[in-house]
Amino acid sequence: MTSEDPACTEYSRLPSAASCGPFSHAVSRVARLHRFTAGRLLRAIGLYPGQEFLMMHLWDAGATRQSELIRLLDLDPSTVTKMLQRLEQAGYVRRSPDPKDRRASLVEATEDSLVLHERVKAAWNELEQQTLAGLDAAERAELTRLLGKVEANLCPTAGDGGC
């Protein structure tokens, strides 16, 4: 998308119905563009949006029950199953029965996923640079701080939405 792209300009005008919520309108526009850009960067490394969050959890936490991944990602079980199937076919995850409960499945990142780990880090770095271009270090820190406060405001109303 470019700044001349209708997706970048058409929605930048504040609709009358959003006149009482200019910040919310701006956040929605930015989130949409951020998701679009992240998706483009992830597709370039062979991932679908959302798979990187699953992998990030596995890289940091180790083997995790599939039911826990569903809860953490706040996605439909069939969506997570499809994500895992694709990641398993690519050789990035392995599923096995949980030795503590044979009805449950454990999911873990494979050794092959370590290359993907570096690619995800690079994609997130590129996303960060594109997103924050033109902001100095103090502005970046302030924006991060303020968004943390906004997130804290929304967490109590999000229920199990990841807070």
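So, His57: at 25% relative accessibility it counts as partly exposed, where partly exposed is the band between buried, under 20% relative accessible area, and exposed, over 50%, with a 1.4 Å probe and protein chains only. Before I go on, this is a predicted model, where local features need pLDDT of at least 70, side-chain atom pairs count only at pLDDT 80 or more, and totals for chains, interfaces and linings use all residues. Residues are numbered from 1 along each chain as its sequence is written, and side-chain values use heavy atoms, with hydrogens and water left out.

Back to His57, which lies in helix α3. Helices here are DSSP runs of H or I with at least four residues, strands are runs of E with at least two, and both are numbered from the N terminus. What does His57 touch, leaving out residues up to four places away in sequence? Gly62, Thr64, Leu69 and Leu72, with contact meaning heavy atoms within 4.5 Å. Then there's Glu108, 51 residues from His57 in sequence and 9.6 Å away in space, C-alpha to C-alpha.

Okay, helix α6, residues 113-132. Its 20 residues reach 28 Å from first C-alpha to last, close to the 28 Å expected at 1.5 Å a residue; the expected span is 1.5 Å times one less than the number of residues. The buried ones in α6 are Ser113, Leu116, Val120, Ala123, Leu127 and Leu132. They sit on the same side of α6, because they cover an arc of only 145° around the axis, taking the arc from the directions of the C-beta atoms as seen from the helix axis. And what do the buried residues of α6 pack against? That would be α2, α3 (51-61), β3 (101-109) and α7. After α6 comes Gly134, with a positive phi near 90°.

On the α2 side, look at Thr37, which is found in that helix. Thr37 is buried, at a relative accessible area of 16%, and it touches Leu127 and Gln130, again not counting residues up to four places away in sequence.

Last bit, the surface. Phe23, Val27, Leu135, Leu143 and Leu147 form a nonpolar patch with about 390 Å² of accessible area together. The elements giving two or more residues to it are α2 (22-44) and α7 (137-158). For patches, residues need over 30% relative accessible area and no salt bridge; like charges are joined within 9 Å, and nonpolar side chains (Val, Leu, Ile, Met, Phe, Trp, Tyr) within 5 Å. A salt bridge is a side-chain nitrogen of Lys or Arg within 4 Å of a carboxyl oxygen of Asp or Glu. Areas are Shrake-Rupley with a 1.4 Å probe, and for residues only the protein chains shown count as cover. Val27, in helix α2, is partly exposed at 35%.
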